[in-house]
Amino acid sequence: DQQNTGPACDCAGDQGTATPKPADPYDAVRTYWSEDQLTQAWGPEQPVEHLFFHPIIAYPQWAFHDCSATQSEKEGLDDWMVTVDEFNKIIQSVYDKGFILVAMEDVWSEVTGEDGVARMQRNTLMLPEGKKPLVISFDDVNYYEYMLEQGFTSKLVLGDDGQIWAECTDPYTKQTFLTQDLDATTLLDQFVLAHPDFSLNGAKAIFSLTGYQGILGYRTQNDIDIAADDPARPAFDANRAAEIEAVKPILQRLKETGWPSAVVPPFGSHTWGHINLSSWSLEKIQRDTVRWQEEVGTLVGPTNILFYPHGARPDGDDWHTTGPVFQYLQNQGFRVFASVGVNSFSYVKKDISAVICDRMHPDGTTLRGGNTGKDVERYMPFYDCREIIDLEVRPNLGDVGLRHEALGPAFGRAQ
């Protein structure tokens with residue numbers, strides 16, 4: 001039982017009559033701002049804010065209370081995810097506060113100086129008056145197997161209307177349907193369509209992808225543990241090939257509608273195996289990087305952006321030092337290295353062509369104020385945590401929640 005995905009294609013039109021191609025609804029987003037309206041110069045010394053989200057929870061009652069996940073797993077969902085309702089409130093708030101989405105590849109560029117040495121530089125952005133630039137990234141847009149049992153959508157698909165939809169299975173009724181109301185990708189799509197002034201030149205967000213369980217809900221990964229002469233190999237290869245073909249139209253439509261740029265595909269790497277770059281050996285990191293390039297990069301295109309899993313920095317410190325892991329990753333073509341922090345910090349390295357960026361993380365941890373409650377203040381330029389968090393459905397943290405009583409009644413215990 002599927003929700004309506006729009007009109008199906010009628011391919012039996014009058015013979016010999018050319019049917020005009022319908023206008024793409026995203027054209028209005030791409031062309032909303034004209035060049036003569038971009039009169040505000042946002043210089044290299046002004047911060048470009050960056051918020052990132054993990055996959056959002058479609059069924060919070062199921063995820064936090066009713067699913068069969070362990071208590072530790074449910075606590076992880078509470079710590080690192082936001083619900084659909086919270087996500088919608090956050091997007092509305094940053095829009096109301098005057099932010100405008102910009103493409104990450106427009107923020108930074110690599111230039112060669114008079115000395116012949118290539119370096120990264122922060123570009124000056126031309127914005128509409130009164131707007132502030134914002135980059136949004138979505139981590140782990142892979143639809144991992146565990147998420148399918150814990151109240152998330154299951155994959156991105158192309159609807160009969162040619163637009164991106166999310167496949168979802170109601171955990172209570174077990175009915176599978178298509179929706180644009182329960183997934184971060186489709187929700188941002190719809191918001192930008194309704195508010196084209198929220199996007200500069202059609203920009204939306206950037207996907208941060210692993211590869212160990214495929215991408216976008218399609219199991220495109222190889223299994224190197226299945227030997228070439230294993231009887232199971234032909235069936236595995238056939239299924240993998242089918243999944244690879246199935247995801248290609250999704251990638252193409254995403255590129256057409258402002259997710260990856262049509263010019264520079266900014267799907268970022270989150271490493272193949274979601275590995276810890278601060279503790280893994282160089283040899284293991286090299287193998288992982290090659291697998292990402294072979295299994296993900298061949299599908300999404302080259303990227304110069306690396307999002308650190310766990311926020312763990314290569315060699316333990318990517319800012320003050322340039323160790324062998326960082327040098328290897330930079331040599332593989334990465335130039336923008338994004339971690340996680342308490343503000344949208346950035347630092348152009350002096351000894352190698354690379355920039356370090358920190359991203360802020362709207363999630364249960366920061367919505368509750370963080371360990372000290374200071375996150376309420378840190379995120380106030382974007383939204384008031386107390387107006388976003390849904391304590392009617394999130395777990396009752398008991399004494400932990402008492403940390404936030406001084407921050408206002410919204411942080412009291414969920415009753």
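Which helices do the buried residues of H3 pack against? They pack against helix H2 (60–66) and helix H10 (364–367), where contact means heavy atoms within 4.5 Å. Helices here are DSSP runs of H or I with at least four residues, strands are runs of E with at least two, and both are numbered from the N terminus.

A word on the source. This is a predicted model, in which local features need pLDDT of at least 70, side-chain atom pairs count only at pLDDT 80 or more, and totals for chains, interfaces and linings use all residues. Residues are numbered from 1 along each chain as its sequence is written, and side-chain values use heavy atoms, with hydrogens and water left out.

Helix H3 covers residues 71–80, and within it Lys74, Gly76, Leu77 and Asp78 are buried. Buried means under 20% relative accessible area, exposed means over 50%, and partly exposed lies in between, with a 1.4 Å probe and protein chains only.

I turn now to the cores. The largest nonpolar core has 66 residues, of which Phe138 and Leu216 touch the most other members. Such a core is a set of buried Ala, Val, Leu, Ile, Met, Phe, Trp, Tyr and Cys residues joined through side-chain atoms within 4.5 Å. Helix H4 (residues 84–96) gives the largest share of this core, six residues. Another core, of 21 residues, lies apart from it and includes Trp108, Met120, Val355 and Cys357.

How many cavities of 30 Å³ or more does a search of the whole structure find? The search finds three. A cavity is a set of points on a 1 Å grid over the protein atoms alone where a 1.4 Å probe fits but cannot get out; lining residues have an atom within 4 Å of a point. The largest cavity holds about 140 Å³ of space, the volume being that filled by probe spheres set on the points, which are joined across faces, edges and corners. Its lining has 16 residues, with Pro55, Ile56, Tyr143, Asp183 and Ala184 nearest the centre. Strand S7 (132–139) and helix H6 (184–194) are the elements that each give two or more residues to this lining.

Finally, two backbone angles. Lysine 174, in the loop between strands S9 (164–169) and S10 (176–179), has a positive phi near 65° and is exposed at 55% relative accessible area. Threonine 271 has a positive phi near 70°, but is buried at 5%.

Terms used:
On a 1 Å grid over the protein atoms alone, a cavity is a set of points where a 1.4 Å probe fits but cannot get out, and a pocket is an open set with protein on both sides within 12 Å along at least five of seven lines; lining residues have an atom within 4 Å of a point.
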